[in-house]
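Let's learn to read a protein model together, one question at a time.

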Amino acid sequence: MSDPKAAQTDVLLVGAGIMSATLGALLRLVEPNWTITLIERLDGAAAESSGPWHNAGTGHAGLCELNYTPQRTDGSIDISKAIQVNEQFQVTRQFWAYAVENRLLPDVRSFLNPIPHVSFVKGEANIDYLKRRHDALAGNPLFASMEFIADDDEFARRLPLMATGRSDSDPIALAWAQDGTDVDFGALSRQLIGYTAQGGMTTLFGHEVRDLRKESDGSWTVAIVNRRTEGKRKVNAKFVFIGAGGGAVPLLQKSGIREAKGYGGFPVGGAFLRTDRRALTAAHRAKVYTLPSAGAPPMAGTHLDNRVINSKSWLVFGPFAGWSPKFLKQGKITDLPRSVRPNNLAPMVTAGLKQVPLVRYLIGQLLQSEARRVQELREFVPSAVDSDWKIDIAGQRVQVIRRANGKGGVLDFGTTVLSAADGSIAGLLGASPGASTAVPAMLDVMERCFGDRYKSWSPKLKEIVPSLGTELSGQPALFEEVWSWGTKVLKLDRPASGVSAAAAIG
């Protein structure tokens with residue numbers, strides 16, 4: 001039986017980032033009478049990984065991220081991951097459109113703006129790869145509008161900041177996707193949490209989950225501490241979701257669920273150079289990604305991004321990797337060592353032994369001076385002036401380490417949902433493309449953990465996400481219908497916030 005002194009709630013959300021915000025809003029839509037409680041250790045929503053300065057703000061759709069389209073040994077391009085990520089983003093985009101249309105999200109421009117997504121390469125071999133990548137993707141309805149550009153004059157017209165002062169003799173090429181997006185996941189999270197709170201959700205900021213215990217009736221009693229007063233309380237929940245970023249690893253371990261055994265985490269920090277100088281932001285209206293440097297992990301390709309935060313344009317370049325044993329930016333240096341358990345020691349050790357190149361890369365990144373970082377920026381912006389750019393420390397990412405049959409342990413660079421067999425608890429681990437795929441990830445949680453109710457929710461969920469259960473890449477007419485609807489409702493057919501129509505390039 002549950003603790004009679006504990007407060008009762010149907011759903012307990014741990015962490016006030018984009019995942020909990022999305023799940024809370026979805027559950028409120030399908031079960032308006034359920035009680036929901038949100039626990040956040042910091043004093044505001046989206047103050048960790050979901051904050052706008054703690055991530056690149058890319059609406060990840062596989063449009064420009066070259067690590068999603070590797071070259072096979074026979075020279076062909078594997079586009080399966082890009083299609084998968086794009087399909088997931090289409091689900092997220094439809095939910096946002098529904099939420100804006102139904103006033104769950106009252107201010108779309110505060111979190112979403114249209115920004116072209118662009119892949120940029122230099123050298124004949126890389127141009128050949130980019131052309132074959134474009135040709136492989138362009139036959140899919142989700143990527144049909146993508147352009148391949150290998151003309152210097154067109155490059156200069158579309159990306160004047162990157163063209164100015166460029167004397168490099170290497171040929172260059174672009175793959176240009178006009179319909180990309182820039183997302184402020186912090187503003188989005190706050191609006192979603194606001195909607196759910198208006199429906200009666202209890203929110204406890206400045207409170208930290210210290211422990212959780214499974215009760216005989218299948219519920220969870222969660223021990224919570226007020227970080228300001230050290231006051232203690234308990235909450236009993238029928239269902240617990242742990243969406244606490246890097247903090248999800250130790251909490252899932254404390255839960256003791258079998259499904260979390262063998263899992264560990266490897267924290268990776270990040271930093272970006274940024275500027276708000278108007279002459280620079282006006283000359284670059286795109287998110288431009290390139291290939292990772294030699295020895296860098298697949299997700300480490302640098303990019304120069306136009307960002308819109310609080311209606312103001314910024315340019316952000318990076319990421320530059322950092323390292324700390326903390327699992328959260330505002331975590332503790334004991335996070336990593338305390339996460340090592342007998343059940344995950346072997347996977348963590350074997351995964352670590354395989355990641356010597358990653359460790360070497362991280363050491364090199366940590367030793368970089370700010371002048372060296374600006375020098376890397378000049379690969380994108382030849383005319384960059386040191387004093388125009390300032391370093392910004394981004395959020396911590398905890399990459400998943402898991403057991404793998406025949407491989408001991410592997411380091412994953414994606415997103416993983418873990419849930420108990422009885423559906424009473426679930427959590428999300430990992431990083432990119434995470435936030436952009438929050439809606440399909442949380443629908444997955446709902447289907448796994450509420451299997452007895454999910455079927456009855458399906459009509460409402462189909463209203464929220466019209467293509468739910470359908471691969472849009474195989475249904476071009478349906479894709480065009482939901483795409484056009486979403487573009488109009490989300491105001492993605494208009495220039496980005498603070499950008500005049502004359503300044504919009506494409």
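Q: What should I know before I start?
A: This is a predicted model, in which local features need pLDDT of at least 70, side-chain atom pairs count only at pLDDT 80 or more, and totals for chains, interfaces and linings use all residues. Residues are numbered from 1 along each chain as its sequence is written, and side-chain values use heavy atoms, leaving out hydrogens and water.

Q: How many helices and strands are in the protein chain?
A: Helices (H or I, at least four residues) and strands (E, at least two) are DSSP runs, numbered from the N terminus. Here the protein chain has 15 helices and 20 strands.

Q: What share of the residues counts as buried?
A: Buried means under 20% relative accessible area, with a 1.4 Å probe and protein chains only. In this chain, 58% of the 506 residues are buried.

Q: At what angle do helix α2 and helix α14 cross?
A: Axes are lines fitted to C-alpha atoms, for helices over the stretch in contact, and angles run from 0 to 180 degrees between N-to-C directions. The axes of α2 (residues 80-101) and α14 (residues 451-464) cross at roughly 85 degrees and come within 8 Å. The two helices are therefore roughly perpendicular, a label for angles of 65 to 115 degrees.

Q: Which residues make the contact?
A: Contact means heavy atoms within 4.5 Å. Gln 94, Phe 95 and Tyr 98 of α2 meet Lys 460, Glu 463 and Ile 464 of α14.

Terms used
Parallel < 35°, antiparallel > 145°, perpendicular 65-115°, else oblique. Buried < 20%, exposed > 50% of the residue type's maximum accessible area, 1.4 Å probe, protein only.
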